Each structure stands twice: as C-alpha cells, then as structure tokens.
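Trainee: I'd like to learn how to read a model like this one, feature by feature. Could we start with burial and charge?

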Amino acid sequence: MNYTVNGKRVSAEPAPGQCLRTFLRERGFFGVKKGCDAGDCGACTVWLDGKPVHSCLMPAFRAVGKEITTIEGLAKPDGTLHPIQKAFVDAQAFQCGFCAAGMIMTVASLDEAHRKDLPHALKGNLCRCTGYRSIADAVHGIASAEEDEAGKACGASLRNPFSQGIVTGAARYTLDIAMDELLHLKVLRSPHAHAKILSIGREKAMAVPGVAAIFTWEDVPRRLYSTALHPDHLVDPDDTYVLDNVVRFVGQRIAAVVAETEAAAEAACRLLDVKYEILPAVFDPVAAMEPNAPLLHEHRGAEKGNIYVDIHGEVGSVADGFKAADAIHERTYSTSRVQHVHLETHGSVAWRGEDGRIHIRTSSQAPFIAQQKLCHIFQLRPRDLHVFTERVGGGFGGKQEMLSEDLCLLGLLKTGRPVMWEFTREEQFIGASTRHQMTTRVKLGAKKDGTLTAVEVHVVSNTGAYGGHASETLGASLGSPMTSYRCPNKKAGGYAVYTNIVPGGGFRGYGSSQSTFAIECAMDELAKLLGMDPFAIRRKNMIKPDDWIESVWSDPADVDFGSYGLDQCLDLVEKNLAKGGGAPKPAGEEWLEGTGIAMAMLDCGPPTEHRSGSVMALLPDGTFHLAVGSTEMGNGSTTSHRQIAAEFLGSRADAIAIINADTDKTPYDSGTFASTGTVVAGQAVALTAAALRDNILQYASRNSGVDQSACKLEDGAVVCGNRRITLKDLHAAGTKVGHRFEAKRKAFLSPRTTAFNVHGVRLAVHRVTAEIRILHSVHAADIGRLINPMQCRGQIDGAVAMGFGWALTENFVHSADGTMVNPQLRNYRIPAFADAPPTEVHFADTYDTIGPLGAKSQGECAINPVAPAIANAVANATGARFAHLPLTPDRIFSGIVGGP
Ligand code: FES
Ligand code: FES
C-alpha cells in the first residue's frame, strides 16, 4: 500500500487491524504520541488531507491515498517553524511537552471562528501540565518568553532549552526508540482482589506465534522490595515481589509475556490458564483494622494485622485546650483516590550494549534509586547496570515508583534480547500508584475572638495493597498542614492501613493535600460558628516568622523560615478577589454564588535524606557543559538549572548545554520529588557553577598577572583589568599546561525552608443541576525569588487545574468486588480546556535565605489550597457543607436538598 507522509511516499503493508498511530511510529514518526489509544487525549493527532484526526482511532489502511501530516512535517523543509509551533515556543505552551505535538496539530488546523471558541475546539486534546492558560496564550499570539541576555538569566522568562525539539516532534521521550530484535512485554493482571495462585498453565500461550518467553512468580528472584523510590530504603516496607503467588488487588500483575509484537504478547496473556483460590477481601481501611479482617501480608505477622504504620503526637494538652474553648467544631472529611494521569504512561526499555553492560531507559523520577533497587532484586553490580531517562512526559509523583523496569530487565536477562514495556492507560489506573485516599477527623477549639485553643486531627489512610509511601504521606499529612496554625495544644494520630485496592503512592502535595483539605474546611466552619471572616480567622492564627515551627512532635525539625510571605499571599488573594474579576454570575435565580479561600504551607523538601550532585565544565569552544542528576519531567528544572548556572558564570543560559538523570553520565541524585528540583538539585548547580567560576577566575588571574578581584566573567570571555580573553582562548591556554576547567559539587538538604500558597475562588452552583462553575480563580504563592517567572506561573496554572480536577470530577469508582469501573480518560475525567478557567497568579515579594539564589519550591504546594477553597466557596454559596471529595453533582444536589 502507498501512503504519503509529510510529502514523501511510504510503501508499506499495515498489520491486520493496525491503527494509524502505531503504523506511523513503526516508521519512525515518533512525534505521534500515545496517551490513551482510545480517542480521548489527542496526543496522537495527525492531519489527514489537512484535517486533524486521532490516529489511534483510524485504521491505517483508511489513510491510503490521503496526505498524512505529522508534527515532523509541519515546519517548512528549511526548518522554519509553522507560526503555531513558534507561538507555542514563545508562550511556552507546554511543560513536559508530551501533549504538545497533538495540541499543535489541532491548533494549527483551526480557523478564526474556532480559535475564538477554544473550549469546544480543543475538547479532543488534553494537557495535564499547563492548565491550558499558556496554550490559550499561544493560540492568541501572546508571547511570554524573554530574550536570553548574558548576566541576566535569573529572573528572566527564558524558553525551555528543548523547545525546538518539543514543537517539531524531534524530542525523544522514553519509548521513542527503534531497536533491532526488540521484544515487547505485556502482563496478565489479576481479576480478583485477593487470591492465591494455585497454578498457571502456559502451554496454549507459548503456542502463540512470536511468543519468546513467559514469566510467573516461579521465574523471579524471591526477594522482597518496595516499588516506592526513596533514598532511604527503610521508610517503605519490603512487601512486594516482582511477581507473586498471592494477588492483593484487582490489577496486580500475575504473569509477563515477551513476544515479537505487542499483539502476540497480549494474545498469549489471554491464553494463560490461571487457577486461583479466592481469598476474602477487605476494601475499607476501618474494617481492615478489625481483629478478624482478612490479612493481606501474612509475612508481617498476624499481630500487626493490616495496620502498616501508626503515628501519634501531642504538644501541650488538647484536653485542656478544648476545656478553655468558647466554641468547638468537629467533623470528618474525606478525599478521593485519584491518579496522576501524566500523559506519558509508565514504560521502559532494557537492552545489553556492546560494552556488555545492561542499559535501561525509563520514565522515572528517580533513576539512581531504581538502579539500586534493581541491583538488589537481581543481585547485579551497579557498575553493570546503567539506568537513565530521556525526556519524561510528566510525573507528578507517579514516577517515583519502579513499576516497569524490573520486568523489562527480567525479560532481557532471560532472553538476551532487548525488551520494551509501555503501560496502557487502563494499566495506568489499575496497576500503577494513586493518591492515598484519606479520611480525616478534625476537631478545633477557639476563644470567642477566634484564637485557637486546641487542634486535634485523626487520619486514616488507605494505602491499598502495598505500603510504598504510606508512612511518609501519613507523616506529611500530620506535618505542615498542622504547623501552619499556631496553637499551644495540638494532637494528631494517624494510621496507614492495607486493603485490597490499587496501592497509594507519591502524588503532588504528598499527603499534606489531603489533610489541608480537611483542616482548611474545618477552619472555615469554625469561623462561621464564631461569626468571623475566613481571612480574619486565618490571620489571627497563622504561623508567624518568629514562631517555633511545630506540628505535634516536640523534637525540633530541620525546617526554618528562609523567607516568609504567607501574610502577603492572604493580602494578595483578598485584594484581587475583591476586585471582582473573572466571569459574572450566570443569569437566573437557580444560580447560587459563593466565595471561598484556603491556605497551605509546605516544607521545601522531604525530611528523609536527600542529596543531589552536578558537574560542570568549560568546553574548548568557550561554552559550558552541565550534568545534573535530577530528572526533568516537565517541572522545568533543566531551564532553571541553566539559569542558576548562568547567573554565576555571567553567561547566557544558551551557552550551557545540559544533561540530566543518567547513572553513567551525571552525578548521583536522590530523585526529583518532594519539591527538590530547585532547592536540592538547584543548590548543587549553584555550588558547582560558583566553583567553576572561581576556577576560571583563578586561572585567568594567574595567567594574566592581574589580581583575581579585578577579574570577572562576561559573555564568552573573562576580563582581567583591561585585558579581555575569550573563554575559548583561555581554555586552549589552560589545557596546554594541564589545567582542568571543571567543578563538581553536591548539595544535601538541611535545613529545609517553607513555601506558602493561598487560593481564592468565586463560583456559581446551580441549585437544580448541581453544576459548579468556577467564575474567578485567584492564587498567591510565596516561592521566594522567581528564577523564571513564566515557568513559575505555569507550574501554578497546572497545579491549580489539577486541584480543580481533584475537587470536582476525578475519582476512582470501584465495584463491590474491588474492580475499578472507570479506568478510561472519558470516564475518569481530568480537566479539559473547558474545565480549567484561567487563574490570576500573584507572587509574594520574598527572597529566601536558604534556597539557591533566593528561590524555593513551587511545583507541589500550589495544589493544596485549591480543593478546600472550592469546598468553602460551595458551602458559602449553598449553605450546605460538603466534606467529601469530589464535589460531584449527585453529592451537591442531595446536599442542597437534604441540607448540611
Ligand atoms: S492516543 Fe489517540 S486520542 Fe489518546
Ligand atoms: S505539557 Fe501537556 S501533558 Fe505535559
């Protein structure tokens, strides 16, 4: 069959039933991405005769005789970008960039009328990172990016260094790779919530043409580990085998098949003959704590039951505090189980190189820890195993988990051939990690003037079938959300409990989101009880700069105020909400209007040991090379790391080539999670760049005979007194005498600084349909100095949109037997363009004395106040309190009808 792709003739025969997406990718058009393979996300959008189509839904044979255009064919042959590609670069309308190719193909096909109606025009394209505001900017020709000037890198809205590749489809993501002899891996997943596997018959499956090998629990090392990736391996329980003979949730992997094609591997999975002994299951964590509840992990011992961990603490005496209170509010709140929905699903590819070593390219937030874990499981030496990332298409905490690398490695070790595994979207829901569902009881006591006398919080966290991240998220839920209010009497207790549900994991906000929802809702209810304004009760009780930073543990924490801007954030939200921007209340008496606010505090970085390193060199051509261990997954760290380095070197950011997250080529990094990209990896870059600057200036001083204090770096040169020598010449002179223009530094996170966020929202609730419309969304963040203002705003846009989804639509729905019934994007609804109205983003004016160059963390905390602000606004509008997320129409409707 003959096809025309990007103006060139392609002759090929698609496989029976093959879709256009995989047909194009097999021919090297890797700009055609997969986010769902179901027509929901638009990542696979291409043009057929100039019209956008979802190529995953289009049978390849239907494209015969038509002009196919992929993102690779949109720019002119001379490389001149299509105006929309350029607009996406200038507006930085992407973060991870995984959606960008499909989004650009759709936008570039719109006429003027459609561009005026983006909620409809872009309904077929999802972005999980940007919150869509910057995409709207690109469509409307609004440019935010600034020019890269030497010595002015920090504080400038510079473009992502990989922008060109992202908008042209040239950027390579994890699985954008062609390989000879490649085998594809697929797994059979459990249909039962709790069962013992008695036997697995493989004969029929092995007979499927193309099947190379099948692995079950009998073929894997019997070595326990946790899929969670932390540098301290003791904070997560070793409760997981690569493949097990007990399944503990619907979706757990049972067996793996490697075959010549994905289709053959899938067909073989369907033919595996598994005999189970069904075991009783438990889904509710409170029921799972009962003495006679089905036990999930027998190896832990019956006396521990299903409680993986419990945490308790008290400062002062809450009993005394409640006695002294004039008003007491108490209620139970709960948050839903949700998924990260990074558009690039989990995946990795493993092969043996000509050097005899094993290489694993993976979509991971922590490749160094994945390497350690794989070495433990398969008893390998670290020097024999190279783990690295290419461009990663989003993470949000979901890729702080080792979910695909182990089976790819097993397949390679057993077959000797390269093995690739890409999760489907359904697997992403039923077989990856989720935000822990938490139920939080809050009791607050206060004097008449609003002064808190007692705060008591009790959390039950449903960690699902495995305990990765359970203790850390539980600890976080009792940490900064309780610290953010001063009160002499605080008490907290928490339990993380095993149940037969898909496991919890790390997720943006990491446990603190759940309890922030509860505490911030409760604070509004207490204010109402006292007849106080929501801003006033927070100002009266919020933590102040000179306060002892204390949750419920009396031991001092390594947390400090490197800067403080919570007061500014509250002022900014109050002032800008009052201005009455956004959309007006819809006409009609059925619409109720309300406003709500919430605040959040977050420690910048985890309490566990976190370390990052970077190495930098001056190159012979006078430019620089920077290697940083941390992963870039759309958080913008490569952009900001270059800017930090450029600040010290007086150069343009563009003069610095950067690589990251590679166990061979970059120094160690504990992983990009817990808000460490700026405050740990960024600090390592700052130390390294400063050391390289000193190295260069010392050599230039020696070489020129001019005192070092009279030497300085400029763009591409060093100036000593009145003598200017280019860095290229300096490098040549230095290397002749054996001087090395290189530096390497590490950063270790302590003390940790604190970031603050406040969100305000005005919304309308329809009293009959229970529809909620966000009319005005205002966010203020205290994140210290803005290294890249455009990028900082983009991170907040994305976090707020994710908060909208968590508050309003996203939820795992399970049937009575523990099966998730909505594991598709069209049924599990993340916000589309129409669901994420733009947010006014404001920044407190602070400079952090702990973070690098005055900056602190920003990617995580912004989500925390969004859901409670929405819940508070709904309560304000309706007079009814909705204490359980998500705020779906059925809940709202019955709440309005039935009262609070
Ligand atoms: S991959 Fe085709 S629409 Fe999602
Ligand atoms: S930039 Fe859109 S999904 Fe990441």
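Trainee: Is Lys 186 buried or exposed?

Mentor: Relative accessible area decides that: under 20% is buried, over 50% is exposed, and partly exposed lies in between (1.4 Å probe, protein chains only). Lys 186 has 5%, so this lysine counts as buried. Before we go on, please note that this is a predicted model, in which local features need pLDDT of at least 70 and side-chain atom pairs count only at pLDDT 80 or more, while totals for chains, interfaces and linings use all residues. Residues are numbered from 1 along each chain as its sequence is written, chains are lettered from A and ligands numbered from 1 in the order in which they are written, and side-chain values use heavy atoms, with hydrogens and water left out.

Trainee: Which side chain meets Lys 186 in a salt bridge?

Mentor: First the general idea: side chains of opposite charge can pair when their charged atoms come close. The rule here asks for a side-chain nitrogen of Lys or Arg within 4 Å of a carboxyl oxygen of Asp or Glu. Lys 186 pairs in this way with Glu 266, at 3.7 Å from N to O. The two come from distant parts of the chain, 80 residues apart: Lys 186 is in strand β6 (residues 183–189) and Glu 266 in helix α9 (residues 262–271). Those labels are DSSP runs numbered from the N terminus, with H or I runs of at least four residues as helices and E runs of at least two as strands. Glu 266, at 33% relative accessibility, is partly exposed.

Trainee: How many salt bridges does the rule count?

Mentor: The count is 53. One of them joins the side chains of Arg 128 and Glu 810, at 2.8 Å from N to O. Here 682 residues separate the partners: Arg 128 sits in the loop between α5 (118–121) and α6 (133–139), Glu 810 in the loop between α23 and β33 (839–843). Arg 128 is buried at 6%, and Glu 810 is buried at 1%.

Trainee: What about a pair in one helix, such as Asp 90 and Lys 86?

Mentor: Both lie in helix α2, four residues apart, or about one turn of the helix. Asp 90 is buried at 14%, whereas Lys 86 is partly exposed at 45%. Both also belong to a salt-bridge network that includes Glu 147 and Arg 159.

Trainee: Let's turn to nonpolar residues. Which residues touch the most other members of the largest core?

Mentor: A nonpolar core is a set of buried Ala, Val, Leu, Ile, Met, Phe, Trp, Tyr and Cys residues joined through side-chain atoms within 4.5 Å. The largest has 159 residues, and Phe 88, Leu 452, Leu 763, Ile 870, Val 874 and Leu 887 touch the most other members. Helix α23 (residues 789–808) gives the most to this core, with ten residues. A second, separate core has 38 residues, among them Leu 692 and Ile 787.

Trainee: Where is Phe 94 found, and what does Phe 94 touch?

Mentor: Phe 94 is in the loop between α2 (83–91) and α3 (100–107), and counts as buried because its relative accessibility is 3%. A contact means heavy atoms within 4.5 Å. Leaving out residues up to four places away in sequence, the partners of Phe 94 include Phe 88, Thr 130, Asn 160 and Val 167. Phe 94 and Cys 127, 33 residues apart in sequence, have C-alpha atoms 8.4 Å apart.

Trainee: And what does Ser 404 touch?

Mentor: Beyond four places in sequence, Ser 404 touches Gly 347, Ser 348, Trp 421 and Phe 423. This serine lies in the loop between β16 (385–388) and α13 (405–415), and is buried at 2%.

Trainee: How should I read the chain as a whole?

Mentor: Start with its elements: 25 helices and 33 strands. The radius of gyration is taken over C-alpha atoms, and the globule rule is 2.2 Å times the number of residues to the power 0.38. The chain's value is 27 Å, close to the 29 Å that the rule gives for 900 residues, so the chain is as compact as a globular protein of that length. The C-alpha trace spans about 80 × 75 × 60 Å along its principal axes. Of the 900 residues, 65% count as buried. Among contacts with a separation of 6 or more, 79% come from residues 24 or more positions apart.
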